[in-house]
Amino acid sequence: MSLFAFMGTLEIGLVYGLVAIGVYLTFRVLDFPDLTVDGSFTLGAAVAASMIVTGFNPYLATGCAALAGAMAGMCTAWLNLRFNILHLLASILTMTALYTINLRIMGKPNVALIMEPTVLSPFEALGIPAMYLKVIFVGICALLFGLLIAFFLQTQYGLAMRATGANKRMAQANGIVIKEKIYAGLALSNALVAVAGALFAQTNGFADSTMGIGTIVVGLAAVIVGESLIGTRNMWLIVFSCIIGSLLYRLAVSMALNADFLGFTASDLNLITAALVAIALVLPQLRREWKARQAAREAQS
Amino acid sequence: MIRCENLRVTFNPGLPTEKKALRGVDLVIPEGEFVTVIGSNGAGKSTLLNAIAGDIPASGGTILFGDKDVTKLPATGRTRDVARVFQDPLAGTCGNMTVEENMALAYGRVERGNLSFALNDRLREIFRTQLKRLNLGLENRLDAEMGLLSGGQRQSISLLMSALQPSKILLLDEHTAALDPKTAALVMDITSQIVAEKKLTVMMVTHSMRQALDYGTRTLMLHEGKVIFDLSGEERRQYQVKDLLALFAKARGDGEELDDDKLLLGS
């Protein structure tokens, strides 16, 4: 793998670290499997790219992308909480609707940002080569947002959100309004994912209507890889493990694609993703079974 | 303190599965009274507690706490007044959170600050002091995951959690039924301590006749969604378990079967 490819992998891994934190909030904290992210990743990219092309400040554009993502998340929460549509289905509906909305926002299937100013523009004067600058910038973003979320999850509000996902009845008995926590959690999660989309568009120079496909699987893969490597209850470490998981997942994918003897091409990405996630899911279970069998054997002898 | 007027609860109204769980309960429980509630399965004991807590909306009638009409308030709106402990030891705590995090959640029951750290040294000290009362060594395991503790330990902590914030009403729904006899005795012991200390108004549902007479100052018997017997004062002190059993038999109209009913005889 060339240095350039390696830096590219790190950059994408860090951007998807934000997605992983968002997915962690819904899947693990709220126990609400939310597929909206496939749409809100593109939504963030579409909003940011369209606004930048129109001449808005890139930071304002990224902020608006976050707001748009939050609204998408609230939409899913509303379908689920107000009309009792199954969470998974509610999120699929929002995701499907977002596909059209994203096309409408961009007005065409993709928007190029090659010559436009981006969130990176103010730092270009520092003279750091672009490939390092991108990695440093998205790395700082991932770390900053990660720390904020880790702090949030340890506040009283964050604790109440975790209780909502863990034990609704107990949460209510302790005065926690669970609907509000679900709205807030989905908004926060999708805002993070939309920011990731906006950053992706600006570091890669384009927004495309299909760029969000598979976001949920990648995010989930990162969460699971992180969990199986750094199993912990410490919130700082958990958020950190989401980012590490995302980086490792990206590295594994790019190594699989780069290993000539395997003969994979870029179009095999989804198969590799599915296989990696399956392995990450199955390994802990196999390890348990193996340990149980060993214990049984020892008990016999 | 608690006043129910013609309280009715109907499940699945208008459907073939319609069930009238409470058929007009009139009840006045003055402040500081400890009421034990008994009745056979399906009598409406848990429904009555859940209606008072706000988990189940009333289909008719009113519920008042003092002068405050709370009939329309959801459960989360009543937590200033009501604390509760569930029958299932797993229901009252979050298994994937630590002991101190669970206690911090309960600490926020009355007033939930928002974006400040949920835990700090001052709170940990309060939690440690509380946990010492249990004599289970839990004061040294504040950062242990709740899911790793036994049912008895979790239920004891649930009980402490219910008393972390001042409340006026404590609702106990067979909170010792799922515990082994020794742990059940411990939990009952702490219950009595907390109730005496905080001068709470208590409703305790129980299946044990012994418990129903040994604890509290008043005993209610529910049958088919109504209060059929209300015992207190001198009369209650004269009562024996066998007298209660006789009442049960009368209510159900099948005295002979009673001897086999382990739930009723359980002490």
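The radius of gyration is taken over C-alpha atoms, and the globule rule is 2.2 Å times the number of residues to the power 0.38. This report applies that rule to a predicted model, starting with chain A.

**Chain A as a whole**

For 301 residues, a compact globule would have a radius of gyration near 19 Å; the value for chain A is 20 Å, which agrees. The C-alpha trace of chain A spans about 70 × 55 × 35 Å along its principal axes. Of its 301 residues, 50% count as buried. Taking contacts in chain A between residues at least 6 apart in sequence, 78% join residues at least 24 apart.

Chain A contains 11 helices and 2 strands. Along the sequence they follow the pattern α-α-α-α-β-α-α-α-α-β-α-α-α.

**A helix pair in chain A**

Helix α9 (residues 215–229) of chain A packs against helix α10 (residues 235–258) of chain A, with axes 7 Å apart and an angle of about 110 degrees. Angles of 65 to 115 degrees count as roughly perpendicular, and α9(A) and α10(A) are therefore roughly perpendicular to each other. On the α9(A) side, the residues making the contact include A:Ala221, A:Val225 and A:Leu229. On the α10(A) side, they include A:Cys242, A:Ile244 and A:Leu248. By class, the contact of α9(A) with α10(A) has 9 nonpolar, 4 polar and 1 charged residues.

**Where the chains meet**

The contact between the chains takes 19 residues from chain A and 25 residues from chain B. On the chain A side, α6 (156–166) and α7 (168–173) each supply at least two residues. Helix α6(A) gives the most to that side, with 7 residues. The residues of the side of chain A that touches chain B divide into 9 nonpolar, 7 polar and 3 charged.

**The sheet in chain B**

Chain B has an open sheet of 4 strands in the order β2-β1-β4-β5, with antiparallel pairing. Its edge strands are β2 (19–29) and β5 (68–69) of chain B, each of which pairs on one side only. Helix α1 (residues 45–53) of chain B packs on the sheet and touches β1, β2 and β4 of chain B. The direction of α1(B) makes about 65 degrees with that of β2(B).

| Strand pair | Sense | Bridges |
|---|---|---|
| β1(B) (residues 2–11) and β4(B) (residues 60–65) | antiparallel | 5 bridges |
| β4(B) and β5(B) | antiparallel | 2 bridges |

B:Glu5 has B:Thr62 in β4(B) as its bridge partner. B:Phe65 stands opposite B:Lys68 in β5(B). The hairpin of β4(B) and β5(B) has 2 residues between the strands, and B:Gly66 takes a positive phi near 65 degrees there.

**One residue in a helix of chain B**

B:Leu247 lies in helix α8 (residues 241–252) of chain B. A residue is buried if 20 or more other C-beta atoms lie within 10 Å of its own, and exposed if 12 or fewer do. B:Leu247 has 18 other C-beta atoms within 10 Å, so B:Leu247 is partly exposed.

Which residues does B:Leu247 contact, leaving aside its neighbours within four places in sequence? They are B:Met221 and B:Phe229. B:Phe229 is 18 residues from B:Leu247 in sequence, and their C-alpha atoms are 8.6 Å apart in space.

Terms used
Residues are numbered from 1 along each chain as its sequence is written. Chains are lettered from A and ligands numbered from 1 in the order in which they are written. This is a predicted model: local features need pLDDT of at least 70, side-chain atom pairs count only at pLDDT 80 or more; totals for chains, interfaces and linings use all residues. Two residues are in contact if their C-beta atoms, placed from the backbone, lie within 7 Å. Ala, Val, Leu, Ile, Met, Phe, Trp, Tyr, Cys and Pro count as nonpolar, Asp, Glu, Lys and Arg as charged, and the others, Gly among them, as polar. Two strands pair if DSSP finds at least two bridges between them. Axes are lines fitted to C-alpha atoms, for helices over the stretch in contact, and angles run from 0 to 180 degrees between N-to-C directions. Angles under 35 degrees count as roughly parallel, over 145 as roughly antiparallel, 65 to 115 as roughly perpendicular and the rest as oblique.
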